[in-house]
Amino acid sequence: MRHNVSPGWIRVTTGERDEVAFLDVSSTGPVIPPGMAGVLFEPFHRLDLTPGRPGLGLGLAIVQSVATAHDGTVSAQSRANGGLDVSLALLRLGPPSP
């Protein structure tokens with residue numbers, strides 16, 4: 001929410017696809033130049049697209065560390081009109097969902 005625009009939105013979707021649990025987060029926000037979304041996974045690196053909104057650039061780096069620790073994956077794609085689509089995937093452990 002801190003780096004979103006006003007008015008803006010955030011959509012969180014969870015579920016399971018082919019034995020893989022997923023968490024997808026999409027949001028509006030400033031336009032991120034093509035190819036720059038991956039930079040957001042680097043610790044202490046952030047794009048100064050929202051002046052006056054401080055942050056250390058740790059959020060997606062922590063998400064990537066958690067995904068890696070659990071043999072999962074995380075990816076991010078910038079949205080054409082601004083914002084970001086982030087997808088986290090983890091192998092599901094335990095019995096199948098009903």
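1. Basis. The model is predicted: local features need pLDDT of at least 70, side-chain atom pairs count only at pLDDT 80 or more, and totals for chains, interfaces and linings use all residues. Residues are numbered from 1 along each chain as its sequence is written, and side-chain values use heavy atoms, with hydrogens and water left out.

2. Sheet. Four strands make up an open sheet with antiparallel pairing, in the order β1-β2-β4-β3. Strands (E, at least two residues) and helices (H or I, at least four residues) are DSSP runs numbered from the N terminus; two strands pair if DSSP finds at least two bridges between them. The edges are held by β1 (10-17) and β3 (73-78), each with a single partner strand, so one side of each has no neighbour in the sheet. From one strand to the next, the twist averages 15°, where axes are lines fitted to C-alpha atoms and angles run from 0 to 180 degrees between N-to-C directions.

3. β1 pairs with β2 (residues 20-27) over eight antiparallel bridges. In this pairing, I10 lies opposite S27 and R17 lies opposite V20. The two strands form a hairpin with two residues between them, and D18 in the turn has a positive phi of about 50°.

4. Partner of β2 on the other pairing. β2 and β4 are also antiparallel, over eight bridges. Here F22 stands opposite A89 of β4.

5. Core. The largest nonpolar core contains 12 residues, including I32, A37, F41, L60, V74 and V86. Such a core is a set of buried Ala, Val, Leu, Ile, Met, Phe, Trp, Tyr and Cys residues joined through side-chain atoms within 4.5 Å; buried means under 20% relative accessible area, exposed over 50%, and partly exposed in between (1.4 Å probe, protein chains only). Two or more residues each come from α1 (59-69), β3 and β4 (84-91), and β4 gives the most, with three. Leaving aside residues up to four places away in sequence, A37 touches I32, A76, Q77, S78 and L84; contact means heavy atoms within 4.5 Å.

6. Helix α1. Its buried residues are L60, A61 and A67. These cover an arc of only 125° around the axis, which puts them on the same side of α1; the arc is that of the directions from the helix axis to the C-beta atoms. The buried residues of α1 pack against β3 and β4, whereas G59 and A69, on the other side of α1, are exposed. Just after α1, D71 adopts a positive phi of about 55°.
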